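Hi,

Here is the structure I said I would pass on. Have a look at it first, and then read my notes below.

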Amino acid sequence: MFVSYKWLQNYVDLSGISAEELAEKITRSGIEVEGVETLNEGMSGVVIGHVLEKEQHPNADKLNKCLVDVGGELPVQIICGAANVDKGQKVAVATVGAVLPGNFKIKKAKLRGEESNGMICSLQELGIESKLVAKEFSEGIFVFPNDVQPGADALAELSRDDQILELGLTPNRSDCLSMLGVAHEVAAILGRSVTYPDLTHVEASEKAADYISVSVEAKEENPLYVAKVIRNVRIAPSPLWLQTRLMAAGIRPHNNVVDITNYVLIEYGQPLHAFDYDRLGSKEILVRLAEASEEIVTLDGQKRILTSEHLVITNGKEPVALAGVMGGENSEVHSDTTTILLESAYFNGQTVRKASKDHGLRSEASARFEKGVDPNRVRAAAERAAQLMIELAGGEVLNGSAEVNYLEAEPAVVGIHADKINKVLGMNISVNEIQSIFTRLGFEVKEDNGLFTVTVPTRRGDIAIEEDLIEEVARLYGYDNIPSTFPVSASSPGRLTEYQSNRRKARRYLEGAGLYQAITYSLTSEEKASQFALEASDYTRLAMPMSEERSVLRLSLVPHLLETLKYNLARQNDQVALYEMSSVFISKGAGEQPVEKERLSGAVTGLWHLNQWQGEKKPVDFYVVKGILDGLFDVLGLKEQITYKQAKRDGLHPGRTAEILLNGQTAGFIGQVHPKLQKQMDLTETYVFELALQQLLETNLEELKFSVIPRFPSMTRDIALVVDRGIVAGDLKETISEAGGKLLKEVSVFDLYEGDRLEENKKSLAFSLRYFDPERTLTDEEVAKAHEKVLRAVEEKYAAVLRG
């Protein structure tokens with residue numbers, strides 16, 4: 001919202017306060033003033049000139065030699081290239097020594113051999129944007145009315161001695177989208193009163209209702225419609241003061257009638273529309289919703305195809321305006337218009353927004369309807385416009401209005417106690433001070449032992465509850481006056497929960513191991529939703545998906561990690577190790593919110609280790625990824641509770657896949673992506689894992705224990721056991737650990753042999769066993785006894801035989 005400082009003084013006394021000081025006060029009261037622009041900043045020496053003579057330049061076809069009276073002792077000669085310059089005009093002249101925008105200095109010059117003592121200026125040359133210049137002057141110099149005096153300050157006549165405050169309004173403060181609304185705000189801040197325009201005017205004896213009838217079918221979309229009729233108007237340019245005020249507000253002048261409707265729009269915040277009564281085509285106004293595929297040609301000459309959601313003003317037969325957005329070309333005011341039908345209405349903001357958005361028509365009027373206009377200014381705005389049409393267009397206003405009113409616009413009544421205001425703000429504002437603030441805001445207030453009953457005028461649609469009143473008191477009392485205090489409560493230092501701490505440990509470990517964190521979409525396609533899912537579930541579909549590729553919530557993190565690998569491999573980044581720690585969504589059935597569970601997944605491909613100097617290469621394999629997970633479980637204190645079990649899962653290699661068990665319960669999986677899927681996705685050999693992170697971290701984790709460096713030596717025994725091929729090394733290892741007792745500290749597999757020297761369906765597994773006692777040196781007899789127990793246990797349980 002652009003607010004003219006000079007214009008604002010018509011409504012509220014601003015004596016003793018500059019535009020900059022006012023901007024600071026408004027900002028401190030809660031509405032940000034984004035800038036203060038001085039319109040004539042850096043300009044000087046521009047006066048009114050009277051063109052006494054004009055003749056063709058002797059040496060140039062497109063230049064004119066003008067003799068101009070600039071208020072001095074003698075007229076001066078100025079060479080001008082504007083096509084519209086003529087004898088008898090009053091124009092803006094930048095005299096020799098004048099400074100124009102951009103620090104452009106005017107000097108005496110010779111143009112094609114003729115002396116030029118200054119420059120006749122267009123409005124653009126005086127710093128006014130081209131889009132704000134009236135069409136008749138957009139391609140040439142500006143011509144003043146004849147009542148100005150040569151030598152007078154041209155910038156003052158154009159109101160360029162003004163300052164513009166640009167307000168950055170939030171959507172709830174639509175009351176300040178008008179000069180009167182800003183005046184109320186400023187008056188409340190300064191403790192001064194607001195002066196409204198005098199609306200008294202003479203009306204003819206004939207009634208407007210005899211010339212036009214109004215009916216409304218769409219009562220919810222248009223609960224109030226007021227129509228006035230003004231006869232015998234003369235279409236002409238607006239007076240200079242009106243044009244300059246509109247330009248200061250960012251609106252281009254057109255003619256007196258259209259300019260009056262725009263002027264009242266800015267003054268009252270109420271959009272108006274002027275129809276040419278004689279071009280309306282009937283004596284009836286019918287407001288209704290458009291029919292599907294109905295057409296209207298708007299004022300910009302564009303044909304608009306309407307829907308049944310658009311509100312239109314019709315003459316009973318065809319649309320003449322798109323309500324609240326733009327008028328129709330068929331009823332536009334022309335230079336020969338003599339009778340005006342003036343519309344002032346209250347339209348539903350959502351209906352206007354829908355039409356504005358559908359047709360790409362964003363206007364000053366639609367913006368105000370969308371945010372909400374004051375229903376009690378609808379009639380007043382119409383009366384103000386009618387008064388100005390008498391004054392500026394010589395019109396004759398018919399008696400009364402044609403009106404339809406279904407609107408119930410009652411002011412809001414909110415009660416609040418002074419104690420609550422002070423408690424919320426942490427202050428001790430007196431009852432009298434609070435009452436004074438409400439009164440300055442223009443609210444009707446009654447007080448009874450500190451209880452305020454506040455009647456809020458309809459212009460302040462943002463005030464509805466107690467908290468709104470508290471905010472008004474705070475901002476008018478002054479945010480700077482609110483004391484800074486420490487909280488009066490026991491405080492404790494912030495810390496991570498145990499779950500958060502372990503989650504962070506996992507993330508840091510994986511990054512230290514060489515994996516990069518990835519963040520992928522929670523949304524996926526139906527095809528990918530259930531791939532690699534750790535827990536079987538129906539997928540949860542979005543009601544309004546962006547696309548089929550993003551239509552359901554994921555059940556696994558792995559599919560999108562594979563997509564990320566594919567993206568990297570396609571760009572010659574062939575060594576990729578990624579992990580993601582995020583949520584999957586388990587469906588609970590139709591109409592129920594899905595359960596969100598946290599997962600930890602990874603995907604690794606390419607070389608895990610490369611040392612070109614020594615010629616060492618280590619490609620990623622099952623055991624590399626298993627080693628990463630073993631390290632993770634060790635860090636989390638879960639190593640003793642985790643086991644691996646060979647498994648088959650869809651999408652994974654049948655011989656290189658294992659379930660991860662936590663105390664015997666499935667907690668994840670690890671494996672190679674199935675070769676068919678690898679080929680389909682253009683992946684190299686890739687290994688993935690997914691863990692039920694929540695399940696892991698909510699388990700009773702073992703505390704990290706430290707032991708002293710051993711003082712006594714350990715003893716190692718290696719054994720190679722021939723067993724059936726179906727026996728799993730992990731089971732053998734578990735049996736060995738149990739049989740070895742407290743002296744057996746470590747068991748590891750170091751060899752697997754399946755060759756011709758063994759019987760059919762047999763294999764050899766080699767284990768290294770380390771015996772140790774931290775308190776003493778073990779004897780050979782003690783180790784031999786424990787070792788014998790181990791051999792006996794594996795023989796009894798698995799028919800294992802020592803390989804010779």
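Before the sheet, a quick word on terms: two strands count as paired here if DSSP finds at least two bridges between them. Also keep in mind that this is a predicted model.

With that in hand, take strand S1 and strand S12 (residues 163–168): 3 bridges join them, and the two run antiparallel.

Now the overall layout. The protein chain is split into domain 1 (1–37 + 161–188), domain 2 (42–156), domain 3 (202–403), domain 4 (412–479), domain 5 (496–696) and domain 6 (713–800). Taken over C-alpha atoms, the centres of domain 2 and domain 6 are 107 Å apart.

The UniProt record, an unreviewed entry, annotates residues 409–484 as "domain: B5". In the model, that span is 39% helix and 22% strand, and its end C-alpha atoms lie 41 Å apart.

On to the packing. The largest nonpolar core has 75 residues, and the members that touch the most others are Leu8, Leu22, Ile26, Leu165, Ile340 and Phe438. Helix H4 (residues 179–190) gives this core its largest share, with 8 residues. Apart from that core lies another one, of 37 residues, including Ala204, Ile285, Ile296 and Leu341.

What does Ile340 touch, leaving out residues up to four places away in sequence? The list is Lys228, Val229, Ile230, Val233, Val257, Ala274, Phe275, Tyr277, Val333 and Met389.

Is Glu114 buried or exposed? Glu114 counts as buried because its relative accessibility is 17%, and the cut-off for buried is under 20%. Not counting residues up to four places away in sequence, Glu114 touches His57, Pro58, Lys65, Gln77, Ile79 and Ala109.

That is what I have for now. Over to you!

Cheers

Terms used. Residues numbered from 1 in each chain as written. Predicted model: local features only at pLDDT ≥ 70, side-chain atom pairs only at ≥ 80, totals over all residues. Heavy atoms only, no water. Helix = DSSP H or I, 4+ residues; strand = E, 2+ residues; numbered from the N terminus. Domains from an automatic or database assignment. Core = buried A, V, L, I, M, F, W, Y, C linked by side-chain atoms within 4.5 Å. Buried < 20%, exposed > 50% of the residue type's maximum accessible area, 1.4 Å probe, protein only. Contact = heavy atoms within 4.5 Å. UniProt positions renumbered as here; feature names shortened; annotations may be inferred.
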